[in-house]
2 protein chains.
Amino acid sequence: MVKARTAEAIDSTWQEIRRGSIVLAALATLREEHYGYSLRQALLDSGLEVSEGTLYPLLRRLEGAGLLGSRWELGEGRPRRYYRLSPDGEAALEELRCGWRKLAEVLSGMLAR
Amino acid sequence: MVKARTAEAIDSTWQEIRRGSIVLAALATLREEHYGYSLRQALLDSGLEVSEGTLYPLLRRLEGAGLLGSRWELGEGRPRRYYRLSPDGEAALEELRCGWRKLAEVLSGMLAR
């Protein structure tokens with residue numbers, strides 16, 4: 001059994017790895033328009049479980065940075081805020097995607113050994 | 001041209017993605033014994049440039065968490081501190097490796113679309 005401080009180190013490292021990946025996954029998924037709940041479902045369908053407490057502040061942060069645009073839609077129930085990648089967001093995604101591919105290749109090589 | 005806040009958002013996301021990956025890469029590389037400089041070189045040879053200011057505090061943090069062991073070696077020049085994965089570190093690497101593989105698979109799928 002690993003010690004508590006070791007388990008904690010594994011957990012915090014894992015959170016670090018996940019955090020950046022969630023941003024990338026959210027941007028990639030928002031090439032199509034989504035509201036919060038439908039985005040969470042789409043990420044979950046892809047195999048990525050993201051809590052509301054993580055996702056909703058992230059959406060606001062990405063919109064604040066100009067990577068997302070949003071609009072309200074008034075339907076039958078509660079008004080929904082739909083988000084989608086902005087043109088700047090598309091450029092950002094492209095840049096991050098290139099970097100991520102190289103990084104993933106390096107790590108795959110290391111971890112295969 | 002992207003706006004300053006957008007460039008900043010890209011940069012901070014990228015730093016987040018890199019941060020967790022560097023920990024994983026350092027652990028994987030430290031299956032063999034290294035001192036600080038030789039580890040930096042090994043990471044660089046693998047395509048990952050990590051500054052001393054990032055790597056040295058990381059080594060101390062991972063040792064403090066029990067994932068690394070270290071020993072001093074007195075050679076002809078300055079004494080060198082050699083680090084290597086501890087048994088707990090090996091267990092941690094195995095766990096992180098499994099998680100990372102799944103995550104990388106999910107992201108590759110998303111980013112290929």
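**Exercise 1. How are H1(B) and H2(B) oriented to each other?**

Before we start: this is a predicted model, in which local features need pLDDT of at least 70, side-chain atom pairs count only at pLDDT 80 or more, and totals for chains, interfaces and linings use all residues. Residues are numbered from 1 along each chain as its sequence is written, while chains are lettered from A and ligands numbered from 1 in the order in which they are written.

*Solution.*
- Step 1: find helix H2 (residues 36–45) of chain B; its axis and that of H1(B) are 10 Å apart, at an angle of about 110°. Helices are DSSP runs (H or I, at least four residues), numbered from the N terminus. Axes are lines fitted to C-alpha atoms over the stretch in contact, and angles run from 0 to 180 degrees between N-to-C directions.
- Step 2: H1(B) and H2(B) are therefore roughly perpendicular (65 to 115 degrees).

**Exercise 2. Which residues of H1(B) and H2(B) meet?**

*Solution.*
- Step 1: from H1(B) come B:Ala25, B:Ala26 and B:Thr29; their partners in H2(B) are B:Leu39, B:Ala42 and B:Leu43. Contact asks for C-beta atoms, placed from the backbone, within 7 Å.
- Step 2: sort them by class, and you get five nonpolar, one polar and no charged residues. Nonpolar covers Ala, Val, Leu, Ile, Met, Phe, Trp, Tyr, Cys and Pro; charged covers Asp, Glu, Lys and Arg; the others, Gly among them, are polar.

**Exercise 3. How many residues does each chain give to the contact?**

*Solution.*
- Step 1: chain B gives 44 residues and chain A gives 44 residues.
- Step 2: on the side of chain B that touches chain A, H1(B) supplies the largest share, 18 residues.

Terms used:
Contact = placed C-beta atoms within 7 Å. Helix = DSSP H or I, 4+ residues; strand = E, 2+ residues; numbered from the N terminus. Parallel < 35°, antiparallel > 145°, perpendicular 65-115°, else oblique.
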